[in-house]
Amino acid sequence: MKEKSNTPRTHEPLAHIKSGRMPVQYSKVGRVFDLLPEAIFVLDKDGKVIDNNIAAARLLSGDGGEVQLETIFEIMEEPSRTELLKAMHDSKAAHELKTQFFLPPRKGFQKGRIADVELTLKKFDTVAPDYYVLITKDITEQQKRELDLLRFSEVIHHTVNPIEITDAKGKIIYVNPAFERVTGYSREEIIGKNPNMLSSGIHGKDFWYGVWDRILSGKEWVGQIQNRRKDGRLFHTELVISPIIDSKGVVVGFLGAHRDITEQKMLEQQLVRSQKMETFGTLAAGIAHEVGNPLTSISSLVQVIQRTTKDKFAQDKLELVKNQVNRIAKIIRELVDFSRPSAYEIKHADANAILRDALNIVQYGKKVHDITFATHFDDDLPLAYVVPDQLVQVYLNILMNAVDACEGRAGTISVFSQARKNMIEVRITDTGKGIAEHNMDKIFDPFFTTKEVGKGTGLGLWVSYGIMKNFGGDIVVESKEGEGSTFTVVLPLSRSKGIPSGTGFSEKGTHNV
């Protein structure tokens, strides 16, 4: 800023009035001029600074001292200079514009600064012709806050993680697109609602009381929760709830940032299941060896006695013993089949033909006379890479379970096959009693069954699951108690490809069981 030859102005209000350049009555409000918080400049028609208040001196010098400024245009750049000059020659009573002031270095600083300002220009028509008041509001900090808020909102809006913002009472006031995508709800459906509309019911009141106690005290909460999507599927997220606190220290809202860990949870379940199956396979081999030999001896003795006795009572009891021995032998065979590597050759086979063979076996059973079978096979189905005899066993286990689920009542079993990417889907749906939600995590566990004692070993689905994993396939279950179940058998087209990522098939459950 160049030096000026005129006498420097201080913040002494309207000192120039003594020169007679302005009406004397103007001095009556001079002290009010200095009480205002906005920086105010008095300009002539050429933009020359005639006077300024204390706030203006502070804006320019930092300490309210002398102001070395000839015209207001010295601290402005084009096109703001032209815009302000044009406004001064306009007949309009007031003009507003936003611009920047390039301010001189303050005391103790080598560099000046740039201030964002909001200007209001008014003309003294009734007091001093061709004189103007330029009211200046420094909005630098406001602009910075607005820019920070814009950056924050853009990051929040476009992040891949679901974000929700609520007021202090927990009512949702904002969700980002990722939140809509993960939950299945649109903004219109969820704004104004409480987040508990997503609750899966797994977390009790005590859990949420603890969360609220912490965040209402102004502290951050971090934890894992399970919620339910709009379509009923469950999903897991790692949730961080951060209180939004105003300048007075009052909690005015909350920001909830989710990280979807559904796939991670399913992988963990799959790892646990694989480890369990490996451990049980080793145990099964030992049990089969230790129990199989004595059982063979018992079976042989029963057959010898049956041939030598004529007593009807003894014959009946021996037949009962024989049936139970056979039942135990069947369990042992299934254990052996599971624990030993398959001796069958994995090869390309017609999944539809294998499925028809299984249906032909099941349809002639005694329990199916009131059951309707509906089939839809994709005739262009590619060949699956499986062991045909073992795949028949998988189909039979699922079909017989579907028959049993109808509990002797009229029902429908639908069988559907289709190709999808580099795999084959075979869906078997029944209208039976369905599976209770609390049992969904157990249906592939060994010896777990919902059937009456003696009517099921609890090994069918466990063995079937093991067979499909050996193929590089999967079994996915969806069920609703009282409405029925759908078992989807996923078959690979080649050993090397297996199941493609991103298909949604994983471990088990209503949401990829």
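This report covers helix packing and strand pairing in a predicted model.

**Helix packing**

Helix α11 spans residues 388-405 and helix α12 spans residues 460-471. Helix α10 covers residues 351-363. The table gives the geometry of two helix pairs.

| Helix pair | Angle | Axis separation | Crossing |
|---|---|---|---|
| α11 and α12 | about 145° | 9 Å | left-handed |
| α10 and α11 | about 45° | 9 Å | right-handed |

Take α10 and α11 to begin with. They pack at an angle of about 45°. That angle makes α10 oblique to α11. From α10, the contact uses A351, I354, L355, A358, L359, I361 and V362. From α11 come P388, L391, V392, Y395, L396, L399, M400 and V403. What classes of residue make up the contact of α10 with α11? It has 15 nonpolar residues, with no polar and no charged ones.

Now the contact of α11 with α12. The α11 side supplies Q390, L391, Q393, V394, N397, I398 and N401. These meet G460, L461, V463, S464, I467, M468 and F471 in α12. By class, the residues of this contact divide into 8 nonpolar, 6 polar and no charged. L391 of α11 is listed in the contact with α10, and L391 is also listed in the contact with α12.

**The five-stranded sheet**

An open sheet holds 5 strands in the order β7-β6-β10-β9-β8. The pairing is antiparallel. Which strands stand at the edges? They are β7 (172-175) and β8 (221-228). Each has a single partner strand, so one side of each is left without a neighbour in the sheet. On average, neighbouring strands are turned by 30° against each other, direction ignored.

T166 has I172 in β7 as its bridge partner.

Helix α7 (residues 205-216) packs on this sheet. It touches β8, β9 (234-245) and β10 (251-260). The direction of α7 makes about 140° with that of β8.

**The β16-β17 hairpin**

Strand β16 takes in residues 474-480, and strand β17 takes in residues 484-492. The two form a hairpin with 3 residues between them. Their pairing is antiparallel, over 7 bridges. I475 stands opposite V489 in β17. In the turn, G482 has a positive phi of about 90°. Is β16 mostly covered or mostly uncovered? Strand β16 is mostly covered, with 5 of its 7 residues buried.

Technical notes
Residues are numbered from 1 along each chain as its sequence is written. This is a predicted model: local features need pLDDT of at least 70, side-chain atom pairs count only at pLDDT 80 or more; totals for chains, interfaces and linings use all residues. Side-chain values use heavy atoms; hydrogens and water are left out. Axes are lines fitted to C-alpha atoms, for helices over the stretch in contact, and angles run from 0 to 180 degrees between N-to-C directions. Helices (H or I, at least four residues) and strands (E, at least two) are DSSP runs, numbered from the N terminus. A crossing is left-handed if the near helix is turned anticlockwise from the far one by less than a right angle, and right-handed if clockwise. Contact means heavy atoms within 4.5 Å. Ala, Val, Leu, Ile, Met, Phe, Trp, Tyr, Cys and Pro count as nonpolar, Asp, Glu, Lys and Arg as charged, and the others, Gly among them, as polar. Angles under 35 degrees count as roughly parallel, over 145 as roughly antiparallel, 65 to 115 as roughly perpendicular and the rest as oblique. Two strands pair if DSSP finds at least two bridges between them. Buried means under 20% relative accessible area, exposed over 50%, partly exposed in between (1.4 Å probe, protein chains only).
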